[in-house]
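Here's a quick briefing on the chain below. Have the viewer open while you read, and we'll go from the overall numbers down to single residues.

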Amino acid sequence: MPDQDFAGLLKQAMGLDAASVGPAAIARAVQDRQLACQLRSPQAYWEYLRGSAEELQQLIEAVVVPETWFFRDREAFAALGRMACEDWLPRHAEQTLRLLSLPCSTGEEPYSIVMALLDAGFPAERIRVDAIDISERALEQAQRALYGRNSFRGAELGFRDRHFTDSGSGQQLHDSIRRCVNFQQGNMFAAGFLPGAERYDAVFCRNVLIYFDRPTQDRAIQLLERLLSPSGLLFVAPSETGLLFSHGFISAKVPLAFAFRKPSAGPARPTASVAPPLPARAGGGAAARGLKLPGDRQRPPAVAAAATTGAGAETPARTPAPGLEEALRLADQGLLVDAAQACEAYLRRQGPSPQAYYLLGLVRDSAGSVAEAAHYYRKALYLDPRHQDALLHFALLQEKQGNSADASLLHSRRLRLQQTGQQ
Ligand SMILES: C[S@@+](CC[C@H](N)C(=O)[O-])C[C@H]1O[C@@H](n2cnc3c(N)ncnc32)[C@H](O)[C@@H]1O
């Protein structure tokens with residue numbers, strides 16, 4: 001390796017592509033570390049660095065981007081809750097659900113996984129989340145589980161009241177969540193990384209692939225394929241979906257969840273539907289509340305269900321409307337503006353459709369356009385008052401806005417429909 005090739009060394013050590021953070025960021029980190037080590041020149045620091053694994057770790061700590069927050073891209077967690085309760089649980093009488101958060105940074109992602117599962121009614125004693133990151137500093141924070149305001153973004157913060165206690169110096173996560181997560185320090189490119197034969201039912205690998213160049217991304221994808229069980233779900237960040245498609249991964253077709261199945265897993269399964277996330281736990285899981293399982297629903301797979309013309313998601317399968325199918329695909333890829341345009345084009349062609357309005361609502365909701373999202377959910381419900389997904393997402397939106405009375409009316413409407421079997 002050429003002298004003072006700090007960028008080359010970091011790439012070799014952790015896969016970082018200097019272009020992704022900018023050469024100035026690397027130069028700054030090197031300068032800071034050189035000063036911290038009280039060395040007089042970059043050359044002296046280079047020589048020291050080459051002989052010290054501890055210092056290499058310090059340099060890594062100085063360049064990593066630990067940015068994260070609870071329920072980042074929240075539909076991913078909702079989709080996981082559904083998959084776990086409605087599909088996985090009935091098929092696994094005793095096993096533990098194995099999940100991986102790689103990289104986990106300061107812990108918000110793996111803890112969100114656990115909160116989502118518990119809120120969906122999944123039994124705590126059957127959850128195991130392995131959470132791995134290269135940064136020791138980030139892991140120390142994760143294990144403290146004490147969080148400041150930056151970790152709580154957006155308006156939908158009901159989980160904070162359920163799972164944290166205000167300690168005065170921050171929000172302390174409850175032990176019931178903490179004990180489900182097993183943190184480990186690890187470098188995903190290290191030889192022998194996670195050599196065990198056991199595979200994961202779901203892997204969250206989000207917001208790290210963007211820091212690698214293409215050959216390194218390819219290595220990462222091979223690793224993820226090895227770690228994922230044959231029917232497992234892989235969650236990535238919106239901007240990382242293109243890479244998965246190029247490796248033959250198959251979209252699980254859950255709008256805004258950015259979830260994929262392995263190339264060998266065959267077509268997307270019906271579980272990954274546009275069905276809404278399960279509401280917060282109220283005395284038992286999905287089965288306990290008498291909710292039907294996906295197989296019972298007689299409901300078409302995701303795209304067909306969402307893209308079917310006519311009165312709502314519960315309409316029996318028909319030929320998917322091509323325009324709406326395209327909108328779903330775009331939403332799934334994180335191309336929200338394109339997805340909205342596809343919905344609008346569909347509406348111009350086909351006329352009013354509750355599914356198209358619902359999807360537009362979801363897209364606007366996810367972009368943070370509250371008023372527009374409400375407008376479209378309302379339109380969907382005007383056309384199909386029994387549209388369960390629109391009822392739920394509109395209720396969640398109202399909750400977010402602090403309109404608890406409206407939210408609870410919408411929740412009750414949805415519950416009544418479920419109780420009278422009108423779903
Ligand atoms: C932006 S955070 C992503 C955290 C979380 N997955 C999320 O989406 O919010 C990126 C994390 O990747 C970690 N990281 C970078 N390279 C890594 C590697 N080779 N192995 C393990 N972790 C790595 C960094 O330490 C950092 O905490």
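Helices (H or I, at least four residues) and strands (E, at least two) are DSSP runs here, numbered from the N terminus. On that basis the chain has 19 helices and 10 strands. Keep in mind that this is a predicted model, where local features need pLDDT of at least 70, side-chain atom pairs count only at pLDDT 80 or more, and totals for chains, interfaces and linings use all residues. Residues are numbered from 1 along each chain as its sequence is written, and side-chain values use heavy atoms, with hydrogens and water left out.

**Whole chain**

- Of the 423 residues, 54% count as buried, which here means under 20% relative accessible area, against over 50% for exposed and partly exposed in between (1.4 Å probe, protein chains only).
- The accessible surface comes to about 18400 Å², and carbon and sulfur atoms account for 50% of that; the areas come from the Shrake-Rupley method with a 1.4 Å probe, and for residues only the protein chains shown count as cover.
- Take contacts (heavy atoms within 4.5 Å) between residues at least 6 apart in sequence: 68% of them join residues at least 24 apart.

**Strand β2 and its neighbours**

- Pairing requires at least two DSSP bridges between two strands. β2 runs parallel to β1 (residues 97–101), joined by 5 bridges, with Leu 99 partnered by Val 129 in β2.
- β2 also pairs with β6 (residues 181–185) in the parallel sense, over 5 bridges; here Ile 132 stands opposite Gln 184 of β6.
- β1, helix α7 (residues 108–119) and β2 form a right-handed β-α-β unit. Right-handed means that, with the strands pointing away from the viewer, the path from the first strand over the helix to the second runs clockwise.

**Ser 151**

- You'll find Ser 151 in the loop between β3 (146–147) and α9 (158–163).
- Ser 151 is buried, at 8% relative accessible area.
- Leaving out residues up to four places away in sequence, Ser 151 touches Trp 69, Phe 70 and Glu 108.

**Ala 390**

- Ala 390 sits in helix α18 (residues 388–400) and is buried, with a relative accessible area of 0%.
- Not counting residues up to four places away in sequence, Ala 390 touches Tyr 358, Tyr 377, Ala 380 and Leu 381.
- Ala 390 and Lys 379 are 11 residues apart in sequence and 9.5 Å apart in space, C-alpha to C-alpha.
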